[in-house]
Amino acid sequence: MGYVAVKGGAEAIEASIERLKYERLRKGRTLDAGAVEAGMRALVDQVMSEASLYDEAMAALSIKQAEGSPEEAVFLMRAFRSTLPRSHYSLAVDSRAMRVERRISASFKDIPGGQILGASCDYTHRLIDSSLLEETDEEAARWLSDYLRRGPGAVDQAGAGPAPISAIDYVRSLGLLKARPDDDAEPKDVTKRAIEFPASRSERLQILARGQTGAVTALGYAALRGYGATLHPTVGELRVGRVAVYAPNPFASAGAGSDGVAAEDSYYVGEIRITAVETLVPVPIRRGLGRTEMEFELGFGLSFGQNETKAIAMSLLDQCLESGDKRPAVQDEEFVLLHVDSVEATGFISHLKLPHYVTFQSKLDSVRKARGAGRA
Amino acid sequence: MKLDAVHDLQKVFRKVLAAVADPGSIADLSGEAELLDLDLPLNKGMLLVALALLDAETTFNVAAADSEARERTISQMTYAKTAGPAEADFVFAFGTGEATEAIASAKAGSLVDPHLGATVVLEVESLEAGGPLVLSGPGIESTARLRVGLDPGWIAARAAKNVEFPLGVDLVLVDRRFRLAALPRTTQVREDA
């Protein structure tokens with residue numbers, strides 16, 4: 001009998017998968033993955049960031065296959081990622097050595113190098129533009145060539161090198177930023193070894209950086225609104241731009257010396273666009289005799305692509321988790337880190353759809369028995 | 001090299017997987033070995049297993065009278081790093097004495113992480129279905145029979161290594177004609193008198 005049920009299930013599943021394809025195609029139009037890559041930059045960036053795999057073409061294809069569902073696209077990308085051989089580790093990337101496309105500070109108006117607004121929705125009116133309904137490729141090409149003729153200066157300027165001093169360095173030079181020693185420990189990778197608590201900072205940053213955008217945003221928002229000990233933080237610097245990635249020579253003799261040597265004997269792999277955020281969070285320091293002084297702590301957020309809200313929320317959560325006081329939920333690393341992952345959260349919730357016939361039947365039995373006993 | 005680093009190696013992986021799932025069955029890697037048209041200092045079947053299973057995350061050890069050229073080839077083609085015989089995730093043993101020694105010294109995992117037990121890949125003269133070795137255990141309906149062209153010291157070494165299940169090592173056997181069989185640690189091996 002069990003065998004029959006399984007066969008029936010297999011047929012139904014085949015039919016369901018076919019129906020899914022029908023839903024994707026029923027309007028008689030196919031979506032070009034290249035068009036997704038070109039025109040859905042924000043979604044491509046979100047999927048790459050949550051998948052922790054930087055591949056715009058694969059992200060676009062996943063989005064097409066998932067009919068635009070970020071959780072499904074991220075699932076596809078993570079599954080693909082798990083099949084890839086790990087051949088090389090890049091050298092550490094300094095997010096300040098960035099070809100800046102956008103760089104703003106909410107802390108200082110006159111940051112060295114100036115505020116570079118770059119591309120952002122922040123300054124738009126949020127009115128739906130019905131003219132986009134009529135937009136054509138020819139029009140786009142004409143606008144593009146005109147823009148590039150008109151504004152190469154602006155494009156070049158955005159591509160200029162990093163400013164010599166960042167806003168954070170300035171606060172540090174005033175002695176207002178809690179000093180921290182450099183931590184050059186080899187980062188741990190939660191995709192290789194399951195996380196154990198207490199987590200290292202590298203594990204925290206990794207989980208937050210690949211966290212679901214909405215979940216990281218929600219918890220960062222909660223921290224900001226007072227469900228953590230966070231006083232009003234300020235974005236010291238937010239930068240979006242491209243950083244170069246280098247892999248060391250895999251056949252260099254082991255322990256060939258310092259990073260300097262490794263950097264010379266390395267290969268340029270390509271460049272990736274990232275969003276990096278440094279947030280300044282004021283914290284009260286008790287000095288005794290009822291005297292309290294303010295000091296700043298730094299929160300760091302980083303994300304593949306342009307994901308500014310997520311990166312800022314991540315920087316708030318980074319600072320929350322560094323605080324060491326676990327009483328507020330957003331400062332408890334088990335609470336935050338175990339609940340922000342897209343595949344884990346959607347997977348566990350989706351498993352509720354799986355057959356629980358036996359467990360539910362036994363629960364039903366025990367409820368009935370308990371009620372029967374009560375009446376007797 | 002005509003070998004496709006993705007699709008042909010996926011075929012090799014599937015064959016190794018099928019061999020592990022069905023101990024005693026013999027897979028044929030000669031087609032893929034033919035595509036590996038390089039002048040190589042080691043058995044191409046052994047190298048194909050290395051190419052399919054190793055990357056920079058894994059470590060390996062070569063047990064052979066002359067191991068250096070083989071080590072260098074595997075390391076350059078997979079980016080895997082070498083490790084001692086007792087620490088390596090994968091051990092590639094060439095020759096009878098080396099096989100017994102490699103099994104005896106390979107890591108068996110720990111009770112918390114039994115999956116960290118090594119995979120030992122042995123080069124053997126020949127592999128044939130039907131033969132004096134009687135296999136039983138998961139994946140085998142009743143029994144399967146195998147003939148392994150290798151002096152039999154390895155059988156006792158394997159039994160001693162796998163005595164405390166789930167600790168132990170998994171064996172992959174590759175012969176000179178690029179035929180492959182696997183003996184996971186769950187398989188019981190008995191010699192038919």
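1. Helices here are DSSP runs of H or I with at least four residues, strands are runs of E with at least two, and both are numbered from the N terminus. With that in hand, let us look at Glu67(A). This residue sits in the loop between helix H4 (56-65) and H5 of chain A. Please keep in mind throughout that the model is predicted.

2. Most residues other than glycine have a negative phi. Glu67(A) counts as exposed because it has 12 C-beta neighbours inside 10 Å, and a residue is called exposed at 12 or fewer.

3. Phe178(B) is not a glycine either, yet has a positive phi of about 65 degrees. Its place is in the loop between S8 and S9 of chain B. Is Phe178(B) buried or exposed? With 21 C-beta neighbours inside 10 Å, Phe178(B) counts as buried, since the cut-off for that label is 20 or more.

4. Now for the peptide bonds. Most peptide bonds are trans. In chain A, however, the bond from Phe197(A) to Pro198(A) is cis, with omega near 0 degrees. Pro198(A) lies in the loop between helix H8 (167-173) and helix H9 (201-209). In chain B, a cis bond joins Phe165(B) and Pro166(B), with omega about 10 degrees. You will find Pro166(B) in the loop between helix H6 (153-161) and S8 of chain B.

5. Stepping back to chain A, you can trace 15 helices and 4 strands. Of its 376 residues, 26% are buried. Among its contacts between residues at least 6 apart in sequence, 68% join residues at least 24 apart.

6. Chain A is divided into domain 1 (2-83) and domain 2 (99-347). Where do they touch? In all, 11 residues of domain 1 are in contact with 13 residues of domain 2. On the domain 1 side, helix H3 (41-51) and helix H5 (70-83) each supply at least two residues, and the largest share, 5 residues, comes from H3(A). That side divides into 4 nonpolar, 3 polar and 4 charged residues.

7. Which residues of H1(B) are buried? They are Asp8(B), Val12(B), Lys15(B), Val16(B), Ala19(B) and Val20(B). Seen down the helix axis, these fall within an arc of 135 degrees, so they line one face of H1(B). An α-helix has 3.6 residues a turn, so residues three or four places apart point the same way.

8. What surrounds that helix? The cover over the buried residues of H1(B) includes strand S1 (27-28), helix H2 (30-35), helix H3 (44-53), strand S8 (170-174) and strand S9 (179-183) of chain B. The face turned away from the buried side carries the exposed residues His7(B), Arg14(B) and Ala21(B).

9. Finally, the two chains together. Here 6 residues of chain A are in contact with 5 residues of chain B. The chain A side of this meeting divides into 3 nonpolar, 2 polar and 1 charged. The predictor gives the complex an ipTM of 0.79 and a pTM of 0.87. Chain B averages a pLDDT of 94, and 99% of its residues score at least 70.

Methods: Residues numbered from 1 in each chain as written. Chains lettered and ligands numbered in written order. Predicted model: local features only at pLDDT ≥ 70, side-chain atom pairs only at ≥ 80, totals over all residues. Domains from an automatic or database assignment. Contact = placed C-beta atoms within 7 Å. Nonpolar A, V, L, I, M, F, W, Y, C, P; charged D, E, K, R; others polar. Arc of directions from axis to C-beta. pLDDT = per-residue confidence, 0-100.
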